[in-house]
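Please look through the sequence and the model before reading the points below.

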Amino acid sequence: MAKNTICLWYDKDAEAAARFYSDTFPDSAVLAVHRAPGDYPASKEGDVLTVEFTVAGVACLGLNGGSVFKHNDAFSFQIATDDQVETDRYWNAIVGNGGQESACGWCKDRWGVSWQITPRVLTEALAAGGDEAKRAFAAMMDMRKIDVAAIEAARCLTRSIHLRGRPTGSNIAWTVKPHSGS
């Protein structure tokens with residue numbers, strides 16, 4: 001087991017969750033399944049107690065601890081994607097397997113674990129700062145699953161203001177310019 005491992009509490013489905021993650025994300029695997037050596041409040045001897053697994057290279061331990069604690073949005077896995085196809089694949093796998101959509105690229109799997117499926121183009125736009133970051137951020141705020149083309153379009157827009165005797169900003173036109181980044 002890795003020196004630093006994320007422990008995720010599940011009601012009773014840690015093994016099913018770990019197998020789903022290993023089937024969905026690259027560099028993910030179920031490493032070991034450990035059974036309870038005796039009865040405990042959430043289950044009984046011989047049932048799956050813990051599952052060692054990795055998600056995109058991150059060491060995790062799934063603990064079948066019962067229904068006492070629930071997952072919440074204070075913890076999430078953030079998966080960086082390279083294009084819309086990859087974004088769609090992960091999003092659809094999570095949501096289509098009993099999960100639920102949320103806002104701004106967030107979703108939850110059927111076990112309640114939160115995920116951020118985040119295209120690199122969005123991360124790069126936000127890191128660029130300035131108007132580019134503001135436009136990408138504004139576009140993202142209206143999305144559930146991130147639309148890569150819409151983020152790319154927001155990155156490429158420049159704002160030109162035509163005064164024509166009106167107060168600044170009253171007649172705004174958007175023009176597209178090539179993005180100089182990657």
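Setting aside neighbours within four places in sequence, Phe-25 is in contact (heavy atoms within 4.5 Å) with Val-55, Ile-79, Tyr-90, Ile-94 and Trp-115. This is a predicted model, in which local features need pLDDT of at least 70 and side-chain atom pairs count only at pLDDT 80 or more, while totals for chains, interfaces and linings use all residues. Residues are numbered from 1 along each chain as its sequence is written, and side-chain values use heavy atoms, with hydrogens and water left out.

**Nonpolar cores**

- The largest nonpolar core has 23 residues, and those with the most contacts inside it are Tyr-10, Tyr-21, Phe-25, Phe-53, Val-55, Trp-115 and Ile-117.
- Two or more residues of this core come from each of β1 (6-10), α1, β3 (48-55), β5, α2 and β8 (114-119).
- Helix α1 gives the most to this core, with five residues.
- Another core lies apart from it and has twelve residues, among them Leu-122, Ala-139, Met-143 and Ile-146.
- A nonpolar core here is a set of buried Ala, Val, Leu, Ile, Met, Phe, Trp, Tyr and Cys residues joined through side-chain atoms within 4.5 Å.
- Buried means under 20% relative accessible area, exposed means over 50%, and partly exposed is in between (1.4 Å probe, protein chains only).
- In soluble globular proteins, nonpolar side chains tend to be buried together.

**Salt bridges**

- The structure holds seven salt bridges, each defined as a side-chain nitrogen of Lys or Arg within 4 Å of a carboxyl oxygen of Asp or Glu.
- Glu-15 and Arg-19 form one of them, at 2.9 Å from N to O.
- Both residues lie in helix α1 (residues 14-24), four residues apart, about one turn of the helix; helices (H or I, at least four residues) and strands (E, at least two) are DSSP runs numbered from the N terminus.
- Glu-15 is partly exposed at 22% relative accessible area, and Arg-19 is partly exposed at 39%.
- Lys-108 and Asp-73 also meet in a salt bridge, at 3.5 Å from N to O.
- Lys-108 is in strand β7 (residues 106-108) and Asp-73 is in the loop between β4 (58-64) and β5 (76-81), so this pair ties together parts that are 35 residues apart in sequence.
- Arg-120 forms a salt bridge with Asp-82, with the closest N and O atoms 2.5 Å apart.
- This pair links distant parts of the chain, 38 residues apart: Arg-120 is in helix α3 (residues 120-128) and Asp-82 is in the loop between β5 and α2 (84-96).
- Arg-120 is partly exposed at 41% relative accessibility, whereas Asp-82 is exposed at 57%.

**Cysteines**

- The whole structure has zero disulfides, a disulfide being a pair of cysteine sulfur atoms within 2.5 Å.
- Cys-7 is in no disulfide, and the nearest cysteine sulfur, that of Cys-60, is 9.3 Å away.
- Cys-7 is partly exposed at 48% relative accessibility, whereas Cys-107 is buried at 1%.

**Surface patch**

- Leu-126, Phe-137 and Met-141 make a nonpolar surface patch of about 270 Å².
- Patches are made of residues with over 30% relative accessible area and no salt bridge, with like charges joined within 9 Å and nonpolar side chains (Val, Leu, Ile, Met, Phe, Trp, Tyr) within 5 Å.
- Accessible areas come from the Shrake-Rupley method with a 1.4 Å probe, and for residues only the protein chains shown count as cover.
- Met-141 lies in helix α4 (residues 130-141) and is partly exposed at 43% relative accessibility.
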